[in-house]
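I opened my notebook to keep track of what I looked up in this structure.

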Amino acid sequence: MSELQIDPPMLIKRLRPKTYSIAIYIVALFILLEVLALGFVFYFRKQAVEIENVEAALAEEIAIPSSSPVELVASGDSVVAPSDAKSRLSIAEAEPTEEKIMKLNEEARLFRNDGDFTLAEAALKNALALDPEYPATLANLAMLEEARKDNEKARSYWMKIIDMKDNEKAVGVLALAKERAALIEERNRLESETLAREKQLFETTNVLAIKAVRTIPDPLPEEPSYIAREFDLAFVGKELDPAKVKVQVLYYEKDQAGELVTGQISASFVSKYPDWKGKGVETLTTKWSSSSGKSYYGYVMRLYYDGKVQDERAEPRSLLEKAK
């Protein structure tokens, strides 16, 4: 009987049904699809939120509502956009009109103090275009014209303010307007009298005359601290005795109480011993500096020969009455 030989045991691989593997693949694919779907949902929700935030920011920060027209200013002219105008550009909120007027008035005051009357007038005219009846603008225009020695134009501005007595904004400058208008009227009266007297002087036979007056700085600032003024004095007669010539020069200041007082000046002829020979013209130089608590107001110049007035000048002319 032959012996049965058995080989070493073999590992037997367990076979799985084919349907079971397919089911596993389907479940894995389904899970993968759910993960992808959730990812897309979160992504699109994030994009939608960002878009909403951007649109809200644009609408809140840079969109211009139709009820707020945009003002465009160029070369002093104002152009207002139609009421339904819209813009997507970032434009700062328009500055209030009254605030613009106040800034222009302040600029004009600084220009006037520096003696730049042209720029002062330009700033005030821009302010006037924004509001033709703003009392502070009219008052500054009046002060500017007074500084220019145009009393009539200055008075017209003061009278406009006086006529606005029912305007609440005019209360602060109404008293000043009445005071300055009355002062100009009095000044005009005195100047008329002065002109009549000057005409009478020139109808007589005079030997001296004031030929020219030069002022430094020119124009004068509103509150000058130093003034140099030259007077060309001409001999217009046939004979002249220098010993009979007398020159009177007075500079007037206004003290803190508003009173006029004479100020200290220095004066000298360019020629050491003026005799009016040669060209017949001698130049007198005067210098004035401000003193504490006082401000410059004006001057008076008179020429005498043998005790008689030959010629006279004043600025303002009303000072001629005070300096008799």
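These are my entries, in the order I made them.

**Entry 1: the model.** I noted that this model is predicted.

Entry 2

**Entry 3: strand 5 and its partners.** I turned to strand 5 (residues 245–254) and strand 9 (residues 295–305). How many bridges join strand 5 to strand 9? I found 10 bridges, and the two strands run antiparallel. Val 247 stands opposite Leu 303 in strand 9. Lys 254 stands opposite Ser 295, also in strand 9.

Next I checked strand 5 against strand 6. Three bridges join them, again in antiparallel fashion. Here Tyr 252 stands opposite Thr 262 in strand 6. The two strands form a hairpin with five residues between them. Gly 258 sits in the turn and has a positive phi of about 85°.

**Entry 4: aromatic rings.** I looked for aromatic pairs and found four. The rings of Tyr 251 and Tyr 299 have centres 6.3 Å apart. Their planes are at 35°, so I wrote this pair down as tilted. Tyr 251 lies in strand 5 and Tyr 299 in strand 9, so the pair ties together parts that are 48 residues apart in sequence. Are these two tyrosines, Tyr 251 and Tyr 299, buried or exposed? Both are buried.

Then I looked at Trp 288 and Tyr 296. They form a tilted pair too, 5.3 Å centre to centre with 55° between the planes. Trp 288 has a relative accessible area of 1%, so Trp 288 is buried. Tyr 296 is at 12% relative accessibility, so Tyr 296 counts as buried. Ring pairs link Phe 231, Tyr 251, Trp 288, Tyr 296 and Tyr 299 into a cluster.

I made one more ring note. Lys 246 lies over the face of Tyr 304, at 5.2 Å from the ring centre.

**Entry 5: nonpolar cores.** I looked up the largest nonpolar core, and it has 23 residues. Which residues have the most contacts inside this core? They are Leu 138, Trp 158 and Ile 161. Helix 3 (117–130), helix 4 (135–147), helix 5 (151–162) and helix 6 (171–202) each supply at least two residues of this core. Not counting residues up to four places away in sequence, Ile 161 touches several residues, including Pro 135, Leu 138 and Val 173.

There is a second, separate core of 19 residues. Val 245, Tyr 251, Met 301 and Tyr 305 are among them.

**Entry 6: Glu 230.** Where is Glu 230? I found it in strand 4 (residues 226–235). Its relative accessibility is 29%, so Glu 230 counts as partly exposed. Glu 230 and Arg 214 are 16 residues apart in sequence, but 5.1 Å apart in space, C-alpha to C-alpha. Leaving aside neighbours within four places in sequence, Glu 230 is in contact with residues including Arg 214, Thr 283 and Leu 284.

Key. Residues numbered from 1 in each chain as written. Predicted model: local features only at pLDDT ≥ 70, side-chain atom pairs only at ≥ 80, totals over all residues. Heavy atoms only, no water. Pairing = 2+ DSSP bridges. Helix = DSSP H or I, 4+ residues; strand = E, 2+ residues; numbered from the N terminus. Phe/Tyr/Trp six-rings, centres within 6.5 Å; stacked < 30°, edge-to-face > 60°. Buried < 20%, exposed > 50% of the residue type's maximum accessible area, 1.4 Å probe, protein only. Lys NZ or Arg CZ within 6 Å of the ring centre and 35° of its normal. Core = buried A, V, L, I, M, F, W, Y, C linked by side-chain atoms within 4.5 Å. Contact = heavy atoms within 4.5 Å.
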